Amino acid sequence: MSNPFDVPVSREHTCSVKFDARKAVFGRDDVIPVWVADMDFAAPEAVTRALQERASHPVYGYTLFPDSLYQSMIDWFADRHGWRIEREWILMAPGVVPSLNAACMAYAAPGEGVIIQPPVYPPFFSSVRHSGREVIENPLVPDDERAGHYRMDLDHLEACAARPDARILLLCSPHNPVGRVWSENELRAVLAIARRHELVVISDEIHCDLTFPDKPGHTVLANLAGPGDALITAVAPSKSFNMPGLGLSALVIADPERRKAMKSVFESMHLPQCNPFSIAGFEAGYRHGGPWLDRLMDYLQGNRDFIAQAVAERLPGIRVAVPEGTYLMWLDCRELCRDRDLDDAGLKRFFVRDAGVGMNPGLSFGEQGSGFMRLNIGCPRSVLEQVVGRIEAALNALG
């Protein structure tokens, strides 16, 4: 029996950013798109069925968040992560990225500092800068004991937190793009630093369900926190069940004053408007998506291992570490850049013009991403076979 994740789903002409923006982003519309962080797989059948059932009612008016939606999320995190969430801690939000922006406004004054850990998801930079706060960089460092992996520089984090203007730490857990699933020891150290320096920690855990079966599972930071810790956890079913276009997430904030501060920012912008389809998809994913997610992670592990082997055996000048989570792989192309005298613009041109492959340039994740590219493996394996084949041919053409 064929694997359903092997079945291609045509996404052209559906207003897909990943596919239909190729010409605008890459200058040509025939690159293989392995960039934007959504997957090319059909969402769980239960999600589609819930959307169809909601669409069958012909009035799409202003909508409440039902109790059943909150309960679906509470049950999911209790069952999957051993995290006991109280109903009153949950604040629905219009997405994790808007939540990062709102958090900067809620917990830091204009000009105050927000710590981020690059290379990191680009909205971590923009949410700080667009809100008039100052970026404080605590770069990740290569782990000498595990080639290609990264670790936190905790001593430097302590120094950053000790700055008199530091107010917030934006934590990406699991980390996009390097694929680390932070260990319990690392997370405890982060919490200890935050306590000593009275930092508010915004923990973006949108990829928490996407950990590989052969790697350590995700540790929810809130499970390690004490009642006095200043912690906001951002979660969503959007990555887990491949429905980011529905645009609904949740914040878990145990402290009522911090919850009130975040709610006040949302209300000042009249956010969120409640979308009836977002509600239907959110609840269906958390209630019924577990078996689909388990099959997905088995498939993605196969994709990950295929890429790791293919890069090692067929793509000289490129290296990749095996990620512990997410469906993103961080390609180290620095040797290729040195050998071919390529800067970051030249590296992007090589992949786009010579190989016909559209990936995210590493430089967009901070200067620490120079010489890297981010590859999205959330697609049928046949697509990844084409990607590797095209890059291999382009490398061979270089001589």
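I started with the open sheet of four strands, ordered E11-E12-E15-E14 with antiparallel pairing (strands are DSSP runs of at least two residues, helices H or I runs of at least four, numbered from the N terminus; two strands pair if DSSP finds at least two bridges between them). Strand E11 (319-320) and strand E14 (360-361) stand at the edges with a single partner strand each, so one side of each lacks a neighbour in the sheet.

I then looked at the pair E12 (residues 328-332) and E15 (residues 372-376), which run antiparallel and are joined by five bridges. Asp332 has Phe372 as its bridge partner in E15.

A note on the source: this is a predicted model, where local features need pLDDT of at least 70 and side-chain atom pairs count only at pLDDT 80 or more, while totals for chains, interfaces and linings use all residues. Residues are numbered from 1 along each chain as its sequence is written, and side-chain values use heavy atoms, leaving out hydrogens and water.

Next I looked up Trp76, which sits in helix H4 (residues 67-81). Trp76 is buried, with a relative accessible area of 5% (buried is under 20%, exposed over 50%, partly exposed in between, with a 1.4 Å probe and protein chains only). Not counting residues up to four places away in sequence, Trp76 touches His81, Asp209, Phe241, Gly285, Tyr286, Gly290 and Leu293 (contact means heavy atoms within 4.5 Å).

Last, I checked H4 against helix H10 (residues 276-288): Trp76 is among the H4 residues that meet H10, and Gly285 and Tyr286 are among those on the H10 side.
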